[in-house]
Amino acid sequence: MCIICVSRSGVRQPSEAVIRAMFNHNPHGAGYMFARDGWVTIHKGFMNLDDYLQAIREEHFTANDSVVYHFRISTQAGVSPEMTHPFPLSNRPARLRKLDLRCRVGVAHNGVIRLTSDPDNEHYSDTAIFITDYLSQIILRRADLRDQRVLDSIFQIAQSKFAIMDGRGYIATVGKFIDEHGLLFSNASYLPWRMR
């Protein structure tokens, strides 16, 4: 089902123990996005925990940074670096397969989108299809991320959770997240097995 962890500016970053728990519970690849200089930077396709931890350490994130972390469990298109999250908000499918890029808006998803599920599609996940075919037509300007009616309509259509970040570091969440001292989690798979 995946998990999203949102650290908005002014909130601490998740600990290494929490990162480990999320990766171990959602082991089909990981990625993260952050906002700087008016752009969202996405790095994804980390298929092992040590590589992911090393990449995050090299970013030197602080509480001043807006960061979205994502850990995947595959439901469609198999286990591949290209279908890890986050994705850019784009109507060009090939752009969503890139592992390292800058964009205006980035998207991470948790759930299964029945509308775009296709078990025969080996190249694009339900999330990737939803972004290119629907979300890119719903979010047309930065202000849409602050419009609760727009966010509610995304939830109505997808019946899933999203974290959507713009280049200024604003992060909109769709669906109910768990607030753990300011860090937002899309489900409880950030907890160690014994606490779940």
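This is a predicted model: local features need pLDDT of at least 70, side-chain atom pairs count only at pLDDT 80 or more; totals for chains, interfaces and linings use all residues.
**Entry 1: the largest nonpolar core.** I started with the largest nonpolar core, which has 24 residues. I looked up which members touch the most others, and found I19, M22, Y32, Y52, Y69, F71 and F185. Next I asked which elements supply at least two residues each. They are β1 (3-7), α1 (16-25), β2 (30-36), α2 (49-59), β4 (67-71) and β11 (183-185). Helix α2 gives the most, with five residues.

**Entry 2: F185.** I then picked F185 and listed its contacts, leaving out residues up to four places away in sequence. F185 touches I3, I4, C5, V18, M22, F177, I178, E180 and Y190.

**Entry 3: helix α4.** Helix α4 covers residues 126-138 and has 13 residues. From first C-alpha to last I noted a reach of 17 Å, close to the expected 18 Å. Where is the kink in α4 centred? I found it at T132, with a bend of about 40°. T132 is also buried, as are D126, T127, A128, I129, F130, I131, L135 and S136. I checked what these buried residues pack against: β5 (87-88), α3 (93-96), β7 (105-110), α5 (148-158) and β8 (161-166).

**Entry 4: strands β6 and β3.** In β6 (residues 100-103) I saw side chains alternate. Strand β6 pairs with β3 (residues 39-46) in the antiparallel sense, over four bridges. Opposite R102 of β6 I found T41.

Definitions and conventions:
Residues are numbered from 1 along each chain as its sequence is written. Side-chain values use heavy atoms; hydrogens and water are left out. A nonpolar core is a set of buried Ala, Val, Leu, Ile, Met, Phe, Trp, Tyr and Cys residues joined through side-chain atoms within 4.5 Å. Buried means under 20% relative accessible area, exposed over 50%, partly exposed in between (1.4 Å probe, protein chains only). Contact means heavy atoms within 4.5 Å. The expected span of a helix is 1.5 Å times one less than its number of residues. The bend at a residue is the angle between axes fitted to the seven residues ending there and the seven starting there. Two strands pair if DSSP finds at least two bridges between them.
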